[in-house]
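Colleague: I would like to learn how to read a model of this kind. Please show it to me and take me through its features.

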Amino acid sequence: PRSIGIIVFCFAGHPCFPIVYECMKEPQYWMTSVYLTFCLAFMYYGGLGVFGYLVFGQDLQASVTQNVELLPQAWLFRQIAFLCFAVKIQFTAPMPLNAIMVALWRPEGPREWTPGRSVALVALTAATAVTAVTFSKQVAVVAALTGSLFTMSTAVLFPAAIDLCLACRYEERALLSAQNLVHLLVLIFGVVIAVAGTYLSVLDLIQ
């Protein structure tokens, strides 16, 4: 569950895919862009893991920043790693938070960004920044917690549940029909990983 939470955290921007697709000037290139970006992400994350193992071997931690922290001559690299983590949090957190706010606090009138919604989003974003700074030495734990609790909810459970509800309502499917098997398996998997990953990550933070 911890590793799955970290993996899911890497793709926290998935809830924004529909609006990105809708705003594309040439949507026929959507699948090409998706394949390309996933290929780049695989090479980046996979390459980092391989090089981390080649350098640190069996001593490689869940987050390579934990290994870098033990190197006295790597002060600059530690600061760069922390900055990258903070930027990652600040660039990804507002997107799913905004999607959740729109779902729970529907815009009224012509103005989408009322003062109240703007203040709430800024406050939530500031809270994520404070969290990132506070737990900067526990990057892997924070990533696992964020991936298990928040990203799993917004990028896995919510889309699968909405799609299942729409299919049952407009295609007149029975909830437990064979056609909904994939949706049900995704929901079961997501709930198990979210609960177990969140529990284990909280234990890691406490310890």
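Modeller: The secondary structure comes to nine helices and zero strands. Helices (H or I, at least four residues) and strands (E, at least two) are DSSP runs, numbered from the N terminus. This is a predicted model: local features need pLDDT of at least 70, side-chain atom pairs count only at pLDDT 80 or more, and totals for chains, interfaces and linings use all residues. Residues are numbered from 1 along each chain as its sequence is written, and side-chain values use heavy atoms, with hydrogens and water left out.

Colleague: What percentage of the residues of the protein count as buried?

Modeller: Buried means under 20% relative accessible area, exposed over 50%, partly exposed in between (1.4 Å probe, protein chains only). Of the 207 residues here, 28% count as buried.

Colleague: Which residues is Thr198 in contact with, leaving aside its neighbours within four places in sequence?

Modeller: Contact means heavy atoms within 4.5 Å. With those neighbours left out, Thr198 is in contact with Leu145, Ser148, Leu149 and Ile193. Thr198 sits in helix α9 (residues 181-206). Its relative accessibility is 16%, so Thr198 counts as buried. The Thr198 side chain also reaches the backbone oxygen of Ala194 at 2.6 Å.

Colleague: How many disulfides does a search of the whole structure find?

Modeller: A disulfide is a covalent bond between the sulfur atoms of two cysteines. The criterion is a pair of cysteine sulfur atoms within 2.5 Å. The search of the whole structure finds zero. Take Cys168: its nearest cysteine sulfur, that of Cys165, is 6.8 Å away.

Colleague: Is Cys16 buried or exposed?

Modeller: Cys16 counts as buried because its relative accessibility is 13%. Cys16 is found in the loop between α1 (2-9) and α2 (17-23). The C-alpha atoms of Cys16 and Thr154 are separated by 9.9 Å, although the two are 138 residues apart along the chain. Cys39, at 39% relative accessibility, counts as partly exposed.

Colleague: Which residues make the nonpolar surface patch of about 560 Å²?

Modeller: Like charges are joined within 9 Å, nonpolar side chains (Val, Leu, Ile, Met, Phe, Trp, Tyr) within 5 Å. Areas come from the Shrake-Rupley method with a 1.4 Å probe; for residues, only the protein chains shown count as cover. Here the patch is made by Val50, Phe51, Tyr53, Leu54 and Val55. Val50 lies in helix α3 (residues 30-56).

Notes:
A polar contact is a pair of N or O atoms within 3.5 Å; within protein, one must be able to donate a hydrogen and the other to accept it, and residues adjacent in sequence count only if both atoms are side-chain atoms. Patches are made of residues with over 30% relative accessible area and no salt bridge: like charges are joined within 9 Å, nonpolar side chains (Val, Leu, Ile, Met, Phe, Trp, Tyr) within 5 Å. A salt bridge is a side-chain nitrogen of Lys or Arg within 4 Å of a carboxyl oxygen of Asp or Glu.
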